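The following exercises concern a predicted model.

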Amino acid sequence: MFWTRPPQNEFEGAWLGNGMVGCMLWTEEGELRLQVFRGDIEDHRDFEYGYVGYTRSRLQVGSFYFPLKGDPNACNLRLDLYRATLVGKIGDYEIKLFVHTHDPIISCEVKGADASAWRWAPAKAEPTRPDPPTTEELVDAYMENYRVSRRIKRWTPNPSASITRSGPVTTSVQDLLGGGQHAVAWKTEDERLLISVCKSFPKNSVWHKAELGAAETQARNWLEKEFTEDWERSHLEWWANYYPKSFVSLPDEQVETVYWTQVYKMASATRGHYPMADTAGIWQTPSAWPYITWNLNVQLTYLPYYVSNRFELAESLIHSLWTCRENLRKNIRPVEWQEGAYWVGLATGSDLDNPWDMDQRDLHKGSCGNLIWALHCVWLHGRHSMDAELMNERLVPLLRGAVTYVCHLLQEEDDGLLHLMETFSPEFGATTDATYDLALLKWGLKTLLELAPTDDAKRPYWKDVLDRLPGYAVDKNGFRIGRDASFDRAHRHSSHLLQVYPLFEVTREQPESRAQIERSIQHFYTINQAEYDRTGHWDGFSAYTWTALASLSAAIGNGDDALRYLRGFISYDRVHANSLYGEWGPCLESPLSAAQCVHDMLLQSWGGIIRPFPAMPSEWTSAVFHRLSAEGGFDVSSEWKRSKLHWLVIASRAGSTCKVLASNFEGMTFTVDGKNEPFPRTDNGLLVFNLQKGQTAQFCPPSVQPSIEPLPSRGDRRNWYGLH
């Protein structure tokens, strides 16, 4: 990203992070503002003070300010994604800023300046969601808004931060009434400001067992390190090793820039040993959503990690779900349904705790499929990595509990089928046989029947339930929201189309389904676009509406529409100059889902079939990718040249039967580990062959040697983000 004009707010500023600690830089009233963040800093109040928006709210930490000299409009900044470092000049000063990839430390150099001129301003430790119930009148309003009968306590402010200095280190400590504290410590070394941000929680939260001592002590201790060139080099080496895990090069530099910006964001927002990414990611500037949102945001955030071969980052989701599963059980109401069951509602804090009766805006039992959808991400993790332990010892028990909960909501009717009681289709309303929940339940049951032990006593029950579930409700416009709810008004959430994407329960390969899918996608676009044209509000059309349309189109092989919709996302007015997306605050999921749109155009592997270049736009006559991951534990590399498959290489990490669906194999040879083999047999249009663990298959014309080279650069749109 380049800035030739100074960024002036949080949607223009340069942002950096290491999966836990982050920062953002912009200018404000003649000063540099460096806001600091930590992804696990949240309140820890009991639910007697309300639901998670107020009791588990992510909290602002604070900002450093530095007076600028010279022309305040003089700016030449570059956020170097490869090195995860901001460099350049504002006013008279040269700047170098990075968040160390291993340590919770921010380093900011302002050359030619005395770093002691930085001024610290702690933020108030209070919810940024509107109207915390601080008065009895607001308590009344809360109870009405969240549809609860249990009277809550008035929210009382946390104390102000206290600032102390000991030797070269100054510390700002924020104690919290709900327990725990967070601290910011800093010191200066000539032109350099070094900052550490730490947290502690006395109840020994799962994320802080290794962080002994109060946050104040931790923060001071981190600044005792030696900040040498070797220390900085270890930061650069980590990022240099991160990017080659997979590679994508496109003939469209605008889309390519969007893609690689998200790959940078993926490692900046979470790591496997840190808390899972929440709605805003690390950069939680004031927002109405200071928590984890489970009816779409989590799932879209994690989707691109799997195909891009970055599994270790996505382990944060698995760890959160498994470690906090007891809270998933306790969330359930009525209490007698808790045995053997798990459920998550609309929003939680990082402990995944938010009982159903604290937020009843989602009618009846809420959107009962949220947890199953999150577990679909875990399943994708397991299918791509072929991690048997993950599938058997984590996914199956969690999915078993999630399905158990939803089955409580089934009732037999006169047709002999098991229908879903009235549930809440996300962001639309209540309906029986909600397509969202029904699709997820069907997927969950099928997956349990595939993965659970053959002697599992529940298998006959799961099979019976699956056989007796109704079909999806449809009408002239395609799939309905549910049995008694048509898609008759703007609805930005693709909840009624999950069976098409990403579940692939209804596919283009089913002749009776193709037309129904196409009608549904067109209606989804038309009705939402009309509402957005009328109001200009994201309730009618959000950034993730564009990316959903792109991935849905790619799922049926329509690359031209997929690209058109992806460009709709890129030009959407709430996707800001620094690539962050916002609606009443920052939202992480939509930009990351744009990276998945690119994956869906380049490689699909649903149903255990590898499909290289399944939805290429007609204007993309060339493309290349390396080590994208396919289900079954395959690393796939391939080139698209002159609008056809040029070569294909498939490496097996686990050893299994490989199935490939592609055209244009004429004239190619087939080798395994460099040895010529008979061309694979064809089975219903599929190439089928076996690969042992570690073996590599290659399809290639005899005169061609596969190589991974970036496509020639035109230079016109390769730095899409920034201000220039």
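**Exercise 1.** Determine whether Tyr242 and Tyr243 are buried or exposed, and state how their rings are arranged.

Solution. Begin with the classes: a residue is buried under 20% relative accessible area, exposed over 50%, and partly exposed in between (1.4 Å probe, protein chains only). By this rule both Tyr242 and Tyr243 are buried. Next, consider the rings. A pair of aromatic rings is described by the distance of the centres and the angle of the planes. Rings of Phe, Tyr and Trp (its six-membered ring) pair if their centres lie within 6.5 Å; planes under 30 degrees apart are stacked, over 60 edge-to-face, and the rest tilted. For Tyr242 and Tyr243 the centres are 5.2 Å apart and the planes form an angle of 65 degrees, so by the definition the pair is edge-to-face. Finally, both residues belong to one aromatic cluster, whose members also include Trp15, Tyr82 and Trp283.

Residues are numbered from 1 along each chain as its sequence is written. In this predicted model, local features need pLDDT of at least 70 and side-chain atom pairs count only at pLDDT 80 or more, while totals for chains, interfaces and linings use all residues; side-chain values use heavy atoms, leaving out hydrogens and water.

**Exercise 2.** Which parts of the chain does the pair of Phe66 and Tyr93 tie together?

Solution. The count of aromatic pairs comes to 54. In the pair of Phe66 and Tyr93, the centres lie 5.5 Å apart with 75 degrees between the planes, an edge-to-face arrangement. Phe66 lies in strand β5 (residues 62-67) and Tyr93 in strand β8 (residues 93-99), so the pair ties together parts that are 27 residues apart in sequence. Strands (E, at least two residues) and helices (H or I, at least four) are DSSP runs, numbered from the N terminus. Phe66 is buried at a relative accessible area of 2%, and Tyr93 is buried at 9%.

**Exercise 3.** Describe the surroundings of Gln596.

Solution. First, locate the residue: Gln596 is part of helix α17 (residues 589-602). Second, its relative accessible area is 6%, and Gln596 is therefore buried. Third, list its contacts (heavy atoms within 4.5 Å). Leaving aside neighbours within four places in sequence, Gln596 touches Leu303, Pro304, Val307 and Tyr501.

**Exercise 4.** What percentage of the residues of the chain count as buried?

Solution. The chain has 724 residues, of which 63% count as buried. Its secondary structure comprises 17 helices and 37 strands.
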